[in-house]
Amino acid sequence: MTDVSAMQKQSQVRIHLHTRSGDIELPQDTGPILVSTELKRYQLSTLVNRLLETEQPVPLEFLINGQFLRTSLDEFLTRNGISAETTLSVEYVKALIPPLYVASYEHDDWVSSVDVLSASSQAAAWAGNRYDGSTQRVLSGSYDGVLRIWNTSSEVVATGSGHTSSIKAARYVSPTQIASSGMDRTLRLWKCDETTLTPTLELYGHKASIDGLAAHAPSSRILSASADHTVGVWSTKKAEAPEASEELVPNAKRRKLSNTKPVTQRGPLSILPGHQSQVTDVCFDEKDATVGYSASMDHSVKTWDLTTATCVDTRTTAQSLLSICHLPKSSLIATGTSARHITLIDPRASATNVSAMTLRGHANFVSSLARDPMSSHQLASGSHDGTCRVWDIRSVRSEAMDRVGEAVYVIERESAKGRRPIAGEGVKVFDVCWNREIGIVSAGEDKQLQINKASS
Amino acid sequence: MAQQRAGQKRKVVEVPRPEADESEDEIVEGLINGELSDEGESEEGDSDSVEGFDEEDEDDDDLASDEIPSSDDEEDVRQQLRDLKTGGREITPDTKLMGSETGKEVSLLSHETAVRPLPRDRSDQQNYTISTDANGNPRFIYGEIDPVYDSDDSDAPAGGNTIGDIPLSYYEAYPHIGYDINGRKIARPAKGEALDSLLDSIDIPEGWTGLTDPATGQPLKLSKQELEVLRKITRSEVPGDGYDPYPDMVEWFTGKGMEEVMPLSAAPEPKRRFVPSAHEHKRVMKMVKAIKEGRIKPYQPISEEDREKAEALLEYASYDVWANEQAQADHPMNIPAPKLPPPGYEESYHPPPEYLPDKNERKAWEEQDEEDRDRDFLPSDHGALRKVPGYAQFVKDKFERCLDLYLAPRVRRSKLNIDPESLLPKLPDPAELKPFPTTCTTICRGHEGRVRTLSFDPTGRWVASGGDDGNVRVWDPSTGRQVWQIRLSREEAVNAVAWRPSEDTCIIAACCGETVHFLIPKNELCAPDTEARSQEVLSAGFGYATSATTSKTASGQDKPAASTWSRPSAQMQDRGCLLTLSLHTTPKILTWHRRADYFTTISPSTNATSTAIAIHTLSKHLTQHPFKRLKGLAQTACFHPTKPQFIVATRQRIRIYDLQQQKLEKELLPGARWISDISLHPSGTHLLISTYDKRLLWHDLELGNTPYKTLRYHSRAIRSVAFHERLPLFADASDDGTLQVFHGKVVRDSLENATVVPLKVLRGHRVTGVLGVLGVVWHPREAWCVSAGADGGVRVWT
């Protein structure tokens, strides 16, 4: 009897290991391996590490049928009603380590926007040799109209005030150049060095608040999303940009009152009309900088060809869209909606379904999205419910109408102290940024800039 | 036997005999005396008492002879009685006095009637012969005993005295009068002196006869009727009442007029009564002929079929009431026969042994409750069918069957088989009606005191709110950030806020106190060109103002004074308030016309009903009061979205006026006691009315003047109601702190009714005082609504 039960306990299952990341690919395809169903994630991870013959074991996660293995194989099979006789297709991925709270940077007003400069950041990558990668900076734009640059020891290195109203977006274009925009309808370029932040260019062209920015340094282009239903295309170069139209530049009287050195004013390369409502966010296609995507409150995502300044494609969903993020490897666009979820949109013309996948879990507007710099399968989202969530788009299950994913980790606001106030009152997250060195940086209504990092 | 026993007894009680003899003699003599000579003491002296003898005279005689020598005054009566009962009497003394020869003689003497000597002779003879048995002892062989069946002894009544033939005088010294067959003493009944003394002490009771019941020894009682009957019999009268022995003759056949109805006639019998019938002869001959020809076979054997039928009929009458049942159409009175399973082996009288229960099974079955048993019998084995006993439960079964028939309903009730769900109207699933607001996503806090009014800007980016703190605040509904704010008054509340419905201007009209303020928000909420246009629009009317006033003065004296359009102070202008309109009433409601040039203000709590409703023209700075006299207190008003119509709600009525023809178009009777708010569907054909009496009324303007639907879902007054401009949604706000969202689809086809589906109750506002939610507005495009709470919060629901 005991022998039989022992036999049953040690029942085995055939698994087929594979991965989508090239650096941890098995030297040769092992084919189906018989493993005990007793195994858990850790044992499987050890097994794969042994197969990989890595010197330093890499923690791995295992995805079976779009679900992360959190229990033993046996329990997993029982819960999902899978026979132990089938060959399991097990995908292994580098483990996502839970991001832990690191620090909070206190602001005077709501923090609307955040960006990070570090060796691995996009701006640094574009700068190439001009940036040594030694200085790590965090840029924050606030509702009080002040742009701040922080170092990693939570000190303000430089402040830039020039916006006459709240800043809604701020981005590093290069390690020395910053673009910011806000409710004063202007887009401003700043030159930054170690301690100062000097305005270099004021770009006029939008008739309403500019809520989103995207920069691409190699082509020196900036995309802006404005509440006047248009997308603006701007150049970072003074010479390239046309003159600003007289109507939109505020009268000189106020300028004199402000009593500062006049800043060069320029206009947009083009203003792209087409949206029926406020444009909330824009992004560049990470593979092809001549393509931009914009998300709007009119429920649609538009694909723009920037060279010809035309709308190529419109994908209409059922909700107002508040944020957008391009996932280059899977050729998907993630958009945060007002219906409290994240919709992954396939922008290709051949795609039949508008929504490729839905990530559910947020309890309020999804105001911002950030891609994992290490992987194109993972993304972080910030929501008005006061949480940031980390998602893995490989972890997915099929529901009646849709493929639905769930959050891997939830990052609470430290200021909320574990509470989740109704309607995210006081803890709304307005922007989130994910950097390899710094971690997940989020900013919100609690006037804090919060850094969470996976300890590894 | 009795005789013999009597004989033996006599031998045994030989000693006291002479006394008894004497006494008996006396008594008998007394009796004789009484009988023959009419003499003797009349102790009872009652003729009635004599008649008591009529049944049991022999015993009575016996007793009477013992104790009470009875004698009668009415001798002839007695004689007659005697004569009647002769048959009974003549034996009595004989048997009674069997024991003594004197008695016998006396009886002989006393009766003139025939005396049978036989019993006396017999008793004298020895009824046995003595022979010698095998041992040489004498052996008595008894002869047959003549039982004398008609003797009195044998059929003496069972309840009588059983002391035997012993004269009572033997027991005079004892308290008892003898022994019964079991040897127990029989008590002596009270008599004689004791009775006399008793009679002396008490009155003679009803029905007292003075006689003793010979059977029991108790005094004999006769009722009046019985005595009467006896009396009549003794006098040879008809004993019963109401019988007339001599009725008058009924003349049936005689007398006058009776001759005609006499049924008999004297006519002679007709001849045909005496000759054979020719007709019968003819028929018989016919049969004879048929028999001769062989058409009728007189003694034809019965066919097999017929015989079987007859046999089957005779054989067994089974009472299967459903045997010949035809399939019937389903009818309430027809109950089809239950289908019984065929009998199994265990029901056999001689089942195979495996069907017989063993001890345990039998015990278990017996211990089980009768209702729990799986079958109501135990299989039992009988060697032959004839050994099968009667069915023990037969009576019980029949009784229960009768109970069933009596108690069970005979009529099959057709059950009303309706799924209650199906009675509900088919409402679409709320999930299919998405989008609609479900949760609170933003709370805008900043107002002190109640927020009274709300308005979305035409693009849907901003929400303006006005409250008790005299401020107008503009919010970003997605983040909850207050983007602009202006204080209009320190004392008075902002009663109404309304964005001008035009996308190329950015103007808020706000009613505060008696003034309407026109605001252009600062903080770069609108584009510079928009701002410029807005300023133009606001200042455009100043050119007209004077001319308008003058023209009005020509028509009426008081009107120009009713309103003043003016620029506010420079400080206010700097803050964003560019135009004010002063009225002499307090406007509570401000509604724009779709062209954004006209707007109406309503001042409900005014004394002057003529100025309660004013229509203003912004471009000309003109104010008009369209109603000279308004019936009822004006509550709210709005413009028709497509037609030149103006809808005015007073406290209880809704009136629709045609603005071009300036006449009343229609009047609605919502039946509400106090209307709080109205909202016109964007198509202009449906009107929603919210009332303070907790009702929400849906009026189809094309249907009539009574509500199409009444929705009672709130527990408190409803303050506000709003249709969505594009989506089939509407929401109401109530003092119970909730908002309710409905799906209200209006179809262009007038044949199809509007569908109203309750979707969601939005809770979150705190009830402060008695006020909950004061206002609700919809986002112009999205399914988002914003509510103004008395708790000072503005909530955005998405």
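Predicted model: local features only at pLDDT ≥ 70, side-chain atom pairs only at ≥ 80, totals over all residues.
I began with secondary structure: chain B comes to 20 helices and 35 strands. Residues are numbered from 1 along each chain as its sequence is written, chains are lettered from A in the order in which they are written, and side-chain values use heavy atoms, without hydrogens and water.

**Chain B overall.** I looked up burial next. Of the 798 residues in chain B, 38% are buried. Buried means under 20% relative accessible area, exposed over 50%, and partly exposed in between, with a 1.4 Å probe and protein chains only. Chain B exposes about 49200 Å², and carbon and sulfur atoms supply 52% of that area. Accessible areas come from the Shrake-Rupley method with a 1.4 Å probe; for residues, only the protein chains shown count as cover. I then took contacts (heavy atoms within 4.5 Å). Among those in chain B between residues at least 6 apart in sequence, 50% join residues at least 24 apart.

**His681(B).** I found His681(B) in the loop between β25 (675-680) and β26 (686-691). Is His681(B) buried or exposed? It counts as buried, because its relative accessibility is 13%. Leaving out residues up to four places away in sequence, His681(B) touches Pro641(B), His686(B), Phe723(B) and Val746(B).

**Phe399(B).** This residue is in helix α15 (residues 394-407) of chain B. Phe399(B) is exposed, at 51% relative accessible area. With Leu403(B), Tyr406(B) and Leu407(B), Phe399(B) makes a nonpolar surface patch of about 470 Å².

**The contact with chain A.** I counted 33 residues from chain A and 28 residues from chain B. The size of an interface is often given as the accessible area lost when the parts come together. Here about 2400 Å² is buried between chain A and chain B, and carbon and sulfur atoms give 46% of it. Buried area is summed over both parts, with a 1.4 Å probe. How many salt bridges are there between chain A and chain B? The count is three. A salt bridge is a side-chain nitrogen of Lys or Arg within 4 Å of a carboxyl oxygen of Asp or Glu. Arg481(B) forms one with Asp109(A), with the closest N and O atoms 2.7 Å apart.

How values were computed:
Helix = DSSP H or I, 4+ residues; strand = E, 2+ residues; numbered from the N terminus. Patch = residues over 30% accessible without salt bridge, like charges linked within 9 Å, V, L, I, M, F, W, Y side chains within 5 Å. Buried area = accessible area lost by both parts, 1.4 Å probe.
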